[in-house]
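Dear colleague,

I am handing over the structure we spoke about, and I would be glad if you would look through it before reading on. My notes on what was found follow below it.

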Amino acid sequence: MRSPSADVIVIGGGFSGVLLTYYLSVAGSRVVLLEAGSLGCGSSSACAGRVQIIESETEEYLDLVLSGFNRLATLREEGVDLEWELPGHITLLSTTEQWNVYQERVNRLRRKDVTAEMLDCEALQRYEPGLAVRGLLGAAYSEEGHLNPFNFLMGYANAVRRLGATILTRTPVTGLEAQDGTILKVLCTRENFIADTVVLACGAWTGRLAKQAGGYLPIRYTHAEAMVTEPLPRIIHHHVGMAGFYETVHGNKPTVTLGVAQHPNGTLVVSNAIQQSSEIDQASTAWGMPALSNALRKHFPALSQVRVVRTWAAPSPFLPDYLPAVGWLPGFANLFCVGRVAFGTTDYSSTCCGGCQNDLGTARYTIFGFIFSKPSYIGRQSCHRPLM
Ligand SMILES: Cc1cc2nc3c(=O)[nH]c(=O)nc-3n(C[C@H](O)[C@H](O)[C@H](O)COP(=O)(O)OP(=O)(O)OC[C@H]3O[C@@H](n4cnc5c(N)ncnc54)[C@H](O)[C@@H]3O)c2cc1C
């Protein structure tokens, strides 16, 4: 008989791992979280803090995002100061095809009572007087949020510790020992761990660990770069971004899909210069920063002399269908995955409570409140078994 050192071992201390640890701890599990570096040192510390709504591709995904969004707006009551703001998002549109796609999204949002509208160039100029609108067809406006990602992560990490979970940083998992579809041991350099359930929450690194254990999860990633400027007088009033982030992710050429917001302290956080990458590398590149600066200057000409105070890069993980991956890995009895989260998808309470509403008759089904359009890589058995 095994003697578990925890009920659940969570591997990875980014948003996914820390949040899941929180919900599991609230539900009464004994959890040990193992993080290779420091908390948030992967993609989570690169995050620009935008709480997206308009990018929700399907009706069901939008419902999930709105539930997370509404929860974030009330988190202050739980002692986490997220520096929550509602700047709204403006998606710049330059082709008729983009206009039509976003018109449909705006209609969908309005049906859900989310404030959203299409803006012609005149209206866009009123919303963002500093923006150069030449060459644009207009924009889509949507109600959206912004938060401080570090407060978000550390707030949850503190809550997790208060709830009695163990967080071990500087503890890289070197392998998973599996037998007959069951993970028996989580191997680390100093000691090994045993638990009833093991969760992979390693962001862009998840696919590697899954493969090492003999499993398959097609988490991909691009190399995404960002920067922050010196504080400036107010010049940008909303979160402003270009359409086509996912087209960029697909493309082979390095591309900038600009996303910029000005924070209450006056700094501008500017992302993303994107390159395809087969290796995870967290260094800024000689191409990325000039490319990002040029895109910023093109859209906000008054910012041509602004000073950049810090640059960074991280893998931007995604799945082929761009939806979150939350569920049991096929072929394993006790290996769970949480990957490709965005802020709006971080309400895992239904995961822990086992709020299972499967609809196996269709290609799209719900696992504990999370929606997947391609059931092939997350096991269907997950529909019958909650994590807790
Ligand atoms: C430039 C940029 C801007 C972004 N902006 C936004 C935004 O505005 N809004 C938004 O919603 N999303 C944004 N994202 C995406 C978001 O940051 C990620 O989706 C999210 O952080 C992923 O969290 P995660 O916990 O799944 O992965 P990560 O944060 O990468 O966490 C995985 C962790 O696992 C650890 N790990 C890996 N291997 C091992 C191992 N063997 N043993 C132990 N630990 C291990 C890593 O060290 C890491 O800390 C942005 C991403 C980038 C790159």
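Which strands form the open sheet of eight strands, and in what order? The order is β5-β6-β4-β14-β15-β16-β13-β17, and the pairing is mixed, where two strands count as paired if DSSP finds at least two bridges between them. The edge strands are β5 (116–119) and β17, each of which pairs on one side only. From one strand to the next the twist averages 20 degrees, with axes taken as lines fitted to C-alpha atoms, for helices over the stretch in contact, and angles running from 0 to 180 degrees between N-to-C directions.

Before going further, please note that this is a predicted model, in which local features need pLDDT of at least 70 and side-chain atom pairs count only at pLDDT 80 or more, while totals for chains, interfaces and linings use all residues. Residues are numbered from 1 along each chain as its sequence is written.

Two helices pack on the sheet. Helix α3 (residues 96–111) touches β4, β5 and β6, and its direction makes about 155 degrees with that of β5; helix α8 (residues 288–299) touches β13, β15, β16 and β17, and its direction makes about 60 degrees with that of β15. Contact here means that the C-beta atoms of two residues, placed from the backbone, lie within 7 Å. In the chain as a whole, the secondary structure comes to nine helices and 21 strands, helices (H or I, at least four residues) and strands (E, at least two) being DSSP runs numbered from the N terminus.

Strand β4 deserves a paragraph of its own. All five of its residues (89–93) are buried, so β4 is largely enclosed by the rest of the structure; a residue is buried if 20 or more other C-beta atoms lie within 10 Å of its own, exposed if 12 or fewer, and partly exposed in between, with C-beta atoms placed from the backbone. Both faces are covered, with His89, Thr91 and Leu93 on one side and Ile90 and Leu92 on the other. Five bridges join β4 to the antiparallel strand β6 (residues 138–142), where Ala139 is the bridge partner of Leu92. With β14 (residues 239–242), β4 pairs in the parallel sense over four bridges, and there His89 has His239 as its bridge partner.

Strand β14 in turn pairs with β15 (residues 255–262) in the antiparallel sense over two bridges, and Val240 stands opposite Val260 in β15. In the loop between β14 and α7 (245–250) lies Gly244, which counts as buried because it has 20 C-beta neighbours inside 10 Å. Leaving aside residues up to four places away in sequence, Gly244 touches Gln98 and Thr257.

What surrounds the ligand? There are 40 residues around it, the closest being Gly12, Gly14, Gly42, Ser44 and Gly203, and a residue is near a molecule if its C-beta atom, placed from the backbone, lies within 6 Å of it. Domain 1 (5–50 + 150–217 + 321–383) and domain 2 (89–143 + 221–318) both give residues to this shell, so the ligand lies between them; the domain bounds come from an automatic or database domain assignment.

With best regards
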